[in-house]
Amino acid sequence: MNFTELTEKARSYRRFKEEKPVPSSLLRMMIGAAVVAPCTSNLQRLRFSIVTGEHDRNTLFSGIGWAGYITDWFGPVPGERPAAYIVIHVPEKDELFTGIDAGIAASHIVLAGAAQGVGSCILLNFEADAVNRTAPAEGYKPVLVIALGYPGETVVLEKDSKKIRYWRDEKGVHHVPKLPLETLILKG
Ligand SMILES: Cc1cc2nc3c(=O)[nH]c(=O)nc-3n(C[C@H](O)[C@H](O)[C@H](O)COP(=O)(O)O)c2cc1C
């Protein structure tokens, strides 16, 4: 798989094979990809937590908002839920540009996982209380949560689309539209 194929494969997945754990070594390798990512002034302020225990996963899951455009679906059912989560924490103080660093780190994690067949979904819609109960981090707050697992759904990239909203068809296939390159490049 070349890099273009990897970026096209690295879609957001929201239904997983919950019973198939993602090995701890693989989760750590994915965080390793974030550790070497570029970050503001190389300050390396981000911290990471791995959540895999069933009780913790249930707690964290309860606060997540899934797929806002699919209004008749309220998230994955038992058996399809994430097998693991990675939480990205930022310092409560010294927050300048940490959101940008977290986004870059999350992208590295997602791509590293996709290269190994792990599906993921970056999540902003989570309850901080639920995350803090499962992954407490003194002096830090959670800024992003990444749901992880082996994919339990088919996701199709719709290139050169005019749409923004993703949709799910009658067979349950998730479609992700992306605008054409020519629309997005303003110069050059
Ligand atoms: C910063 C960020 C926050 C996101 N938050 C959520 C979320 O809370 N819930 C969700 O279901 N998807 C979330 N997503 C996934 C986006 O909906 C997804 O990236 C988008 O639909 C495009 O699909 P793709 O990732 O397959 O390209 C988030 C993605 C990013 C980058």
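The legends below describe close-up views of a predicted model.

**View 1**
Helix H4 covers residues 98-115, which makes 18 residues. The buried residues of H4 are Thr98, Asp101, Ala102, Ala105, Ala106, Ile109, Val110, Ala112, Gly113 and Ala114. An α-helix has 3.6 residues a turn, so residues three or four places apart point the same way. Just after H4, Gly117 has a positive phi of about 85 degrees.

**View 2**
Seven of the eight residues of E2 are buried, and the strand is mostly covered. Strand E1 (residues 47-51) pairs with E2 in the antiparallel sense over five bridges. In this pairing, Arg47 has His89 of E2 as its bridge partner. E2 also runs antiparallel to E4, and eight bridges join the two strands. His89 has a bridge partner in E4 as well, namely Pro142. In a regular strand the side chains alternate between the two faces of the sheet.

**View 3. Strand E3 and its pairing with E4.**
Four of the five residues of E3 are buried, so the strand is largely enclosed by the rest of the structure. E3 pairs with E4 over five bridges in the antiparallel sense. Ser120 stands opposite Leu148 of E4.

**View 4. The shell around the ligand.**
The ligand is surrounded by 13 residues. The closest of these are Arg11, Ser12, Ile122, Leu124 and Asn125. Which element gives the largest share of the shell? That element is E3, with three residues. Sorted by class, the shell holds eight nonpolar, three polar and two charged residues.

**View 5. The loop residue Gln44.**
Gln44 is found in the loop between H2 and E1. Is Gln44 buried or exposed? Gln44 counts as exposed, because its C-beta neighbours inside 10 Å number 11 and the cut-off for an exposed residue is 12 or fewer. Although Gln44 is not a glycine, its phi is positive, at about 55 degrees.

**View 6. The contact of domain 1 with domain 2.**
The domain assignment divides the protein chain into domain 1 (3-153) and domain 2 (154-188). The centres of the two domains, taken over C-alpha atoms, are separated by 22 Å. Six residues from domain 1 and nine residues from domain 2 make up the contact. On the side of domain 1 that touches domain 2 there are three nonpolar and three charged residues, and no polar ones.

**View 7. The open sheet E5-E7-E6.**
Three strands form an open sheet with mixed pairing, in the order E5-E7-E6. Strand E5 (155-158) and strand E6 (167-168) stand at the edges. Each has a single partner strand, so one side of each is left without a neighbour in the sheet. Strand E7 (residues 174-177) pairs with E6 in the antiparallel sense over two bridges. In this pairing, Trp167 stands opposite His175 of E7.

**View 8. Asp160 in the loop between E5 and E6.**
Asp160 has its place in the loop between E5 and E6. Asp160 is exposed, because 11 other C-beta atoms lie within 10 Å and an exposed residue has 12 or fewer. Its phi is positive, at about 55 degrees, although Asp160 is not a glycine. Which distance separates Asp160 and Leu181 in space, C-alpha to C-alpha? The distance is 7.4 Å, while in sequence Asp160 and Leu181 are 21 residues apart.

Methods
Residues are numbered from 1 along each chain as its sequence is written. This is a predicted model: local features need pLDDT of at least 70, side-chain atom pairs count only at pLDDT 80 or more; totals for chains, interfaces and linings use all residues. The expected span of a helix is 1.5 Å times one less than its number of residues. A residue is buried if 20 or more other C-beta atoms lie within 10 Å of its own, exposed if 12 or fewer, and partly exposed in between; C-beta atoms are placed from the backbone. Two strands pair if DSSP finds at least two bridges between them. A residue is near a molecule or strand if its C-beta atom, placed from the backbone, lies within 6 Å of it. Ala, Val, Leu, Ile, Met, Phe, Trp, Tyr, Cys and Pro count as nonpolar, Asp, Glu, Lys and Arg as charged, and the others, Gly among them, as polar. Domain bounds come from an automatic or database domain assignment. Two residues are in contact if their C-beta atoms, placed from the backbone, lie within 7 Å.
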